Amino acid sequence: MIPVDPSTLNGLDWPIIRAHLVHRCATQRGKDQAEQDDFADSAQAAIERYKTIREIWKAEELGDEVPLGGIYDIAANVERASKGEALELFELIEIGNSIGAIHQLRTWVQQRTEECPCLMQLVAPIQIDIVLLSTLRSSFTPNGELSDVMYPELWELRERAEQLKNQVRRTLEKMLADPLLGEVFQDHYITERAGRFVLPVRTQARKSLGIVHDMSQSGETAFVEPSVVIEPQNELKKVHEN
């Protein structure tokens with residue numbers, strides 16, 4: 001890169017232009033590159049860069065916008081994965097979305113090789129692992145959860161968890177509706193404490209009903225897990241841990 005006198009850049013308001021350019025970059029890597037002031041080192045190099053930009057402008061003038069959305073800054077996550085670290089679901093989704101977006105961009109340019117020869121030179125080195133891309137796309141639902149179709153054992157766990165949860169709620173609802181237990185409850189609703197379904201019980205009746213998980217600030221209400229639902233809730237906890 002040919003060095004440029006700072007006074008010349010200031011006279012051209014380059015710091016302001018650069019700030020706007022950095023603001024529009026989608027990834028940290030793009031921001032870092034924009035801040036480096038990587039000017040062309042010759043008139044011919046500058047012309048080649050302009051030709052690339054002109055191809056993008058021409059496509060947009062024809063209503064054919066370059067697909068640049070959906071690309072995240074995944075460099076750090078990929079580096080972690082290469083070292084054997086486990087990534088969070090949202091990190092894997094970002095990687096999958098980014099690979100898909102890059103694949104879409106490369107395909108878009110390939111379909112316009114004659115109109116966009118400069119862009120073709122830029123995307124030519126891109127190599128997409130289609131198997132990896134397909135696996136990542138199939139592994140998650142649109143809601144960002146692991147796919148039951150891709151992982152049938154996960155579907156079985158989710159089904160069992162739902163069955164246990166419904167079983168516990170039905171048991172607790174029956175207890176709340178039991179007239180013989182009417183004086184035991186401070187109020188008639190089901191809530192959660194420490195990941196367990198509990199009932200609001202009058203303090204004086206708490207010991208006879210089950211395990212106390214919490215107390216109200218007034219001390220009048222104990223949040224109790226009835227003994228009858230301890231076993232299914234233990235199983236539910238194990239299912240969630242799996």
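Here is a friendly conversation about the predicted model shown above.

Biologist: Before we start, what pLDDT do local features need in this model?

Modeller: Residues are numbered from 1 along each chain as its sequence is written, and side-chain values use heavy atoms, with hydrogens and water left out. This is a predicted model in which totals for chains, interfaces and linings use all residues, side-chain atom pairs count only at pLDDT 80 or more, and local features need pLDDT of at least 70.

Biologist: In what order do the four strands form their sheet?

Modeller: Two strands pair if DSSP finds at least two bridges between them. Strand 1 (191-193) and strand 3 (210-215) each have a single partner strand, so they stand at the edges with one side left without a neighbour in the sheet. The sheet is open and its pairing antiparallel, with the order 1-2-4-3.

Biologist: At about what angle to strand 2 does helix 11 run?

Modeller: Axes are lines fitted to C-alpha atoms, for helices over the stretch in contact (heavy atoms within 4.5 Å). Angles run from 0 to 180 degrees between N-to-C directions. Helix 11 (residues 230-241) lies across strand 2, strand 3 and strand 4, and its angle to strand 2 is about 145°.

Biologist: How far from Glu55 is the nearest side chain of opposite charge?

Modeller: Lys and Arg count as positive and Asp and Glu as negative, while His and the chain ends are not counted. A salt bridge is a side-chain nitrogen of Lys or Arg within 4 Å of a carboxyl oxygen of Asp or Glu. Glu55 lies in helix 4 (residues 43-61). Glu55 is buried yet has no salt bridge, and the nearest side chain of opposite charge, Lys51, is at 8.3 Å.

Biologist: Which residues do salt bridges that share partners join into one network?

Modeller: Glu91, in helix 6 (residues 89-110), and Arg80, in helix 5 (residues 75-82), are 11 residues apart in sequence, so their pair ties those parts together. Their closest N and O atoms are 3.0 Å apart. Glu91 is buried at 10% relative accessible area, whereas Arg80 is partly exposed at 24%. The network joins Arg80, Glu85 and Glu91.

Biologist: One last thing: how far apart are the closest N and O atoms of Asp38 and Arg49?

Modeller: Asp38 sits in the loop between helix 3 (28-35) and helix 4, with Arg49 in helix 4. Asp38 is partly exposed at 39% relative accessibility, and Arg49 is partly exposed with a relative accessible area of 39%. The two form a salt bridge, and their closest N and O atoms are separated by 3.6 Å.

How values were computed. Helices (H or I, at least four residues) and strands (E, at least two) are DSSP runs, numbered from the N terminus. Buried means under 20% relative accessible area, exposed over 50%, partly exposed in between (1.4 Å probe, protein chains only).
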